[in-house]
Amino acid sequence: MTNAWLAGLAILLESGGIYGLIAGLTDTLAITGYLTAHAFACSLLTLVLLPLLPSRYRGHLLLPGLFLFTLQFAIPFLGSLGVFTGVLLALYLPRFERDVAWQELDIPELPFQPVDMDQQVIYSEGGLRQILREAGSTDKRLKALLATRQMADRDAISLLQEALKDPVDDIRLLAYSMLEQKEKGLAGQARRLLLALDDKQSGNRERLKRRLAQTWWEMAYLGLAQGSLRLYYLNNAKRILEDLTGNLSRHNDWRLLGRIELALGNISAARHAFDRAVALGAPPQLLLPYQAEVAFLERDYQRVRFCLASLARFKPHPSVRLVMEGWL
């Protein structure tokens, strides 16, 4: 009831202002009277419209009220009519149904057996190698090079070294920087371990020596070192592990020593190290592939089959399973 009374009074004021314009009064008096009446009418209609606004606008009445008043005052009569009509239409007319831009689907059933992600090949070394060799697009070769960051270090490094022969400078520089980053990381780790060993106050020197031997072995194993530098790292790691196995026998030290002897071509020493690791309780699935390799180099093919057949009881790596399929 109050809103209707205010709306009626606003209409009277607006009509009175318009009548003053056409009543033959002086220009100054007519315009002043109309603007005053129009301002009061806009104020009253603003008071009528504010309660009709959505709730999120009613929390701060000053800015919405100022906006409604300004919009009405700027367009005499038609502005008030348009604002009033627009608010009412927006509030009371039904909203049209919009087409849904997506389709709802039922939730799919889970697989009956969980997928072993360890057995899934996310990045194929052969596929990336083929792209680096044969793809004519530089962008494809760059993407293949960046994909090596998701691969095992040894596979990635072999691909990066091959990319150093690419005819495009950008690819060669990227491959070199990625190789240098890996090499600097391991070399910096080795320097820190050497400094810690030089410090007489460092505790647990056996652990520091073991980590240094593992770092040097990794430099050679990953292919970051070649030729005489590779032999230097392998011999350094060998001397440390011989010292460790002489003082405190651990199967992990013997296993790593066996792998180093195998890389150096010392077959008998490698076999002895692996046998010592087994005697000290090393998990057989970790040593059987290397024992099979030693037996193959010694031309003991019967023992190769025995080691691979024993490995079949466990879950060998996919690459080892391919070897087993050829021998068994």
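The following conversation goes through a predicted protein model.

Trainee: What is the mean pLDDT of the protein?

Mentor: The mean pLDDT is 79, and 78% of the residues reach 70 or more. The term pLDDT is the predictor's confidence in each residue, from 0 to 100. Over residues 117–122 the pLDDT is below 50, and this stretch has 3 contacts in the model beyond near neighbours in sequence. A contact means heavy atoms within 4.5 Å.

Trainee: How many helices and strands are there?

Mentor: The protein has 16 helices and 0 strands. Helices (H or I, at least four residues) and strands (E, at least two) are DSSP runs, numbered from the N terminus.

Trainee: And what share of the residues is buried?

Mentor: Buried residues make up 32% of the 328 residues. Buried means under 20% relative accessible area, exposed means over 50%, and partly exposed lies in between (1.4 Å probe, protein chains only). The accessible surface comes to about 22000 Å², with 59% of it belonging to carbon and sulfur atoms. Such areas come from the Shrake-Rupley method with a 1.4 Å probe, and for residues only the protein chains shown count as cover.

Trainee: Which residues touch the most other members in the largest nonpolar core?

Mentor: They are Leu145, Leu212, Trp216, Leu224, Leu241 and Ile260, in a core of 48 residues. Helix H9 (residues 169–198) gives the most to this core, with 8 residues. A second, separate core has 9 residues, including Leu308, Leu311, Val320 and Met324. A nonpolar core is a set of buried Ala, Val, Leu, Ile, Met, Phe, Trp, Tyr and Cys residues joined through side-chain atoms within 4.5 Å. In soluble globular proteins, nonpolar side chains tend to be buried together.

Trainee: What does Leu212 contact, leaving aside its neighbours within four places in sequence?

Mentor: Leu212 is in contact with Ala190, Leu193, Leu194, Leu197 and Ile240, once those neighbours are set aside.

Trainee: Let us change topic. How many salt bridges are there?

Mentor: The count comes to 8 salt bridges. A salt bridge is a side-chain nitrogen of Lys or Arg within 4 Å of a carboxyl oxygen of Asp or Glu. In one of them, the side chains of Lys182 and Asp153 meet at 3.2 Å, N to O. Lys182 lies in helix H9 and Asp153 in helix H8 (residues 153–163), so this pair ties together parts that are 29 residues apart in sequence.

Trainee: Which residue meets Lys184 in a salt bridge?

Mentor: Lys184 meets Glu180, at 3.5 Å from N to O. Both lie in helix H9, 4 residues apart, about one turn of the helix. Lys184 counts as exposed because its relative accessibility is 54%, whereas Glu180 is partly exposed at 30%.

Trainee: Where do Arg271 and Glu298 sit?

Mentor: Arg271 forms a salt bridge with Glu298, the closest N and O atoms being 2.8 Å apart. The pair links distant parts of the chain: Arg271 is in helix H13 (residues 267–279), and Glu298 is in the loop between helix H14 (284–297) and helix H15 (301–311), 27 residues apart.

How values were computed:
Residues numbered from 1 in each chain as written. Predicted model: local features only at pLDDT ≥ 70, side-chain atom pairs only at ≥ 80, totals over all residues. Heavy atoms only, no water.
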